[in-house]
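Work through the exercises below with the sequence and the 3D structure open. Try each task before reading its solution.

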Amino acid sequence: MSSLLDSEISQKVWNAKLPIKILFDIQEMEEYANDAKWNPIFLEASRCSYLPLLTNRVREILSGLDIKIPDSDYDNVWYEYNHEPLRWHYPIGLLYDLYGHLIPLPWSITIHFKNLPTNSILARPTTDTIQSMFMSMIKEADFLRNGNTKKVMNLSKRDHTQLWQSIASDNYNDFWSVNKQLVEYTPSNRHIPIRLYLSPDCPVIQELVSFHDETGKFYCMYRSYS
């Protein structure tokens, strides 16, 4: 068993942060506090994090300002950039690369508590939902890599919890102490779990990509999708 992981690169990817400016829909927010000054909220988000986790931080800030918003409204929070609803089940860094990478930072996005556009994005953008979807993606990757999900299913309950909580708490060491059990390379590995996102309007590309070519040499990325 060996590792194809470059820990220096993986840590740099993990440590990448994105400054975000969260704007409010003033008309929408007047329902909660007519006399409030709805100044933007500035946050630094991990590129590996997700919008529902960002919502938790917004909630803490608004609660600290004594602005009461019903739990049911937080369960339907969604964000938009340039009038385009953002897919909350995508990592924040991916969303920025797809929608905002050509604009100056901080990235300005608008938060909404009403009228979730379920024709454009998935319903129930909560932390419980994104946790479930994240673990489903981990299982899918395990199946593509090994032809089964035994490695994920054999994780302890503690490891399952730690894998997600490390994303939520932005803890690189906790994440990789579990994830390395799933991604260690063995000669029996079948396919590389990989998706290509080209633009918001293009379908996601996900094809079977082997680790090796017919001669046994490792594939380079450009050859896999050429």
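**Exercise 1.** How many cavities of 30 Å³ or more does the count come to?

*Solution.* The structure is a predicted model, in which local features need pLDDT of at least 70 and side-chain atom pairs count only at pLDDT 80 or more, while totals for chains, interfaces and linings use all residues. Residues are numbered from 1 along each chain as its sequence is written, and side-chain values use heavy atoms, with hydrogens and water left out.

Step 1. Start with the term: on a 1 Å grid over the protein atoms alone, a cavity is a set of points where a 1.4 Å probe fits but cannot get out, whereas a pocket is an open set with protein on both sides within 12 Å along at least five of seven lines; lining residues have an atom within 4 Å of a point. Grid points are joined across faces, edges and corners, and a volume is the space filled by probe spheres set on the points.

Step 2. The count is one cavity. The volume of the largest cavity is about 40 Å³.

Step 3. Among the residues lining the largest cavity are Arg-87, Tyr-90, Leu-98 and Tyr-197. By class, this lining holds eight nonpolar residues, one polar and one charged (Ala, Val, Leu, Ile, Met, Phe, Trp, Tyr, Cys and Pro count as nonpolar, Asp, Glu, Lys and Arg as charged, and the others, Gly among them, as polar).

**Exercise 2.** Find out why helix 5 is largely enclosed by the rest of the structure.

*Solution.* Step 1. Locate helix 5 at residues 92–99; helices (H or I, at least four residues) and strands (E, at least two) are DSSP runs, numbered from the N terminus.

Step 1. Seven of its eight residues are buried, so helix 5 is largely enclosed (buried means under 20% relative accessible area, exposed over 50%, partly exposed in between, with a 1.4 Å probe and protein chains only). Ile-92, Gly-93, Leu-94, Leu-95, Tyr-96, Leu-98 and Tyr-99 are the buried ones.

Step 2. The partners against which these buried residues pack include strand 1 (17–24), helix 3 (51–64) and strand 5 (107–112).

**Exercise 3.** Between which domains does the second largest pocket lie?

*Solution.* Step 1. The protein chain is divided into domain 1 (5–110) and domain 2 (125–185); such bounds come from an automatic or database domain assignment.

Step 1. Both domains give residues to the lining of the second largest pocket, so this pocket lies between them.

Step 2. The pocket holds about 180 Å³ of space. It is lined by 14 residues, and those closest to its centre are Ser-46, Ser-49, Arg-57, Ala-168 and Asp-170. Helix 3 gives the largest share, four residues.

**Exercise 4.** Which residues does a cis peptide bond join?

*Solution.* The bond joins Leu-105 and Pro-106, with omega about 5 degrees. Pro-106 is in the loop between helix 5 and strand 5.

Technical notes:
Contact = heavy atoms within 4.5 Å.
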